[in-house]
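Hi there,

Here is the structure I promised to pass on to you. Have a look at it first, and then read my notes below.

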There are 2 protein chains.
Amino acid sequence: MSNLKIGALAKQTGTNAPTIRYYEEIGLLRSAGRQAGNQRVYSDADVKSLTLIRRCREFGFSIDQVRSLVALVQDPASSCLHARDLAQEHLVAVRAKLAELKALERSIAAFVASCDASCAGGPGPDCVILDDLSKGRTQTRNTSGGRCSKTNGCS
Amino acid sequence: MSNLKIGALAKQTGTNAPTIRYYEEIGLLRSAGRQAGNQRVYSDADVKSLTLIRRCREFGFSIDQVRSLVALVQDPASSCLHARDLAQEHLVAVRAKLAELKALERSIAAFVASCDASCAGGPGPDCVILDDLSKGRTQTRNTSGGRCSKTNGCS
DNA sequence: CTACATCCTCAAGTAACTTGAGGTTCAAGC
DNA sequence: GCTTGAACCTCAAGTTACTTGAGGATGTAG
């Protein structure tokens with residue numbers, strides 16, 4: 001129980017201090033205990049909790065979604081199956097994001113490579129970037145396995 | 001030049017109409033031409049442009065970053081090398097995100113699997129999710145400031 | 001020619017923070 | 001013991017990137 005102050009917690013979790021206070025205010029992070037001089041004190045459990053929160057936030061889960069996850073994790077009355085289902089949902093979303101992100105990575109990498117190969121120093125607006133990056137997107141907002149074919153720019 | 005109206009463009013790019021108008025207002029998308037009745041008309045070039053914008057936005061590039069990319073692409077005076085460098089920067093950011101996202105995916109998948117295996121229906125707060133998900137983070141810190149809103153695929 | 005979806009503008013609202021002002025508290029050095 | 005500078009506190013206001021809503025004009029199918 002390493003008794004951290006807010007700055008240390010911030011450093012360990014890659015969050016900044018006002019954000020931690022904000023999370024406390026909106027009830028995402030439990031209210032921290034206080035030292036004599038009214039300064040917040042944190043434990044290892046808080047490090048874990050905040051790390052989870054940040055991880056999820058960085059990948060686009062909304063505060064409300066994270067809140068429900070955190071609640072599930074901490075509520076002794078909750079059923080594991082319920083938690084599993086929620087996690088499963090998140091997993092589907094994460095995988096969809098992964099697929100799109102990979103497509104973006106391939107597009108940008110191809111652009112950089114083609115620049116290296118052909119347009120070194122030349123006048124560039126005809127670079128293929130727009131063509132490369134803006135080819136047809138996988139139809140819907142892609143929660144359910146967007147597919148990649150050679151014709152839709154995914155490859 | 002398929003002469004789309006805003007609703008069609010919205011559908012094709014997975015954006016919604018007010019957002020398109022907003023992008024026009026802030027100068028991210030060129031000012032659309034108008035029909036007789038003052039309604040906006042779009043071309044295939046706009047589909048491309050907006051698709052690029054959305055792709056990048058969905059993965060956490062800020063409006064300003066996207067703006068600079070779009071500007072580079074469209075400015076005849078820009079050098080290809082400059083564009084390449086910018087793209088390279090984006091590539092690094094995208095790859096960092098990919099790594100973290102994969103870690104998140106593995107964690108959640110492991111959690112779901114362990115639920116399936118062991119805690120079926122049981123009382124769940126001791127599920128390993130917190131332990132799994134909040135283990136030490138890889139030191140890459142959020143280069144591209146992704147945020148969440150309802151439209152950016154954050155479901 | 002009449003519904004009814006789609007479009008327009010403008011204003012206000014929202015999420016998730018960030019920044020700033022003005023004031024305490026703590027730890028180190030003299 | 002005293003001071004000084006970093007880190008902390010609260011509260012209020014600002015920012016980004018949209019979203020939602022009101023109130024009205026336009027386009028199109030039957």
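A salt bridge is a side-chain nitrogen of Lys or Arg within 4 Å of a carboxyl oxygen of Asp or Glu. Please keep in mind that this is a predicted model. Over all chains, the structure holds 8 salt bridges.

One of them joins the side chains of A:Asp46 and A:Arg30, at 2.5 Å from N to O. A:Asp46 sits in helix 3 of chain A and A:Arg30 in the loop between helix 2 and strand 1, so the pair ties together parts that are 16 residues apart in sequence. A:Asp46 is buried, with a relative accessible area of 4%, whereas A:Arg30 is partly exposed at 45%.

In chain B, B:Glu24 and B:Arg40 also meet in a salt bridge (2.9 Å, N to O). This pair links helix 2 of chain B, where B:Glu24 lies, to strand 2, which holds B:Arg40. B:Glu24 is buried at 14%, and B:Arg40 is buried at 18%.

B:Arg40 turns up again at the DNA: an N or O atom of the B:Arg40 side chain is 2.8 Å from a phosphate oxygen of DNA strand C.

Which residues come nearest to DNA strand C? Of the 19 around it, they are A:Thr19, A:Arg57, B:Gly7, B:Arg21 and B:Arg40.

Enjoy exploring!

Terms used: Residues are numbered from 1 along each chain as its sequence is written. Chains are lettered from A and ligands numbered from 1 in the order in which they are written. This is a predicted model: local features need pLDDT of at least 70, side-chain atom pairs count only at pLDDT 80 or more; totals for chains, interfaces and linings use all residues. Side-chain values use heavy atoms; hydrogens and water are left out. A residue is near a molecule or strand if one of its heavy atoms lies within 4 Å of it. A polar contact is a pair of N or O atoms within 3.5 Å; within protein, one must be able to donate a hydrogen and the other to accept it, and residues adjacent in sequence count only if both atoms are side-chain atoms. Helices (H or I, at least four residues) and strands (E, at least two) are DSSP runs, numbered from the N terminus. Buried means under 20% relative accessible area, exposed over 50%, partly exposed in between (1.4 Å probe, protein chains only).
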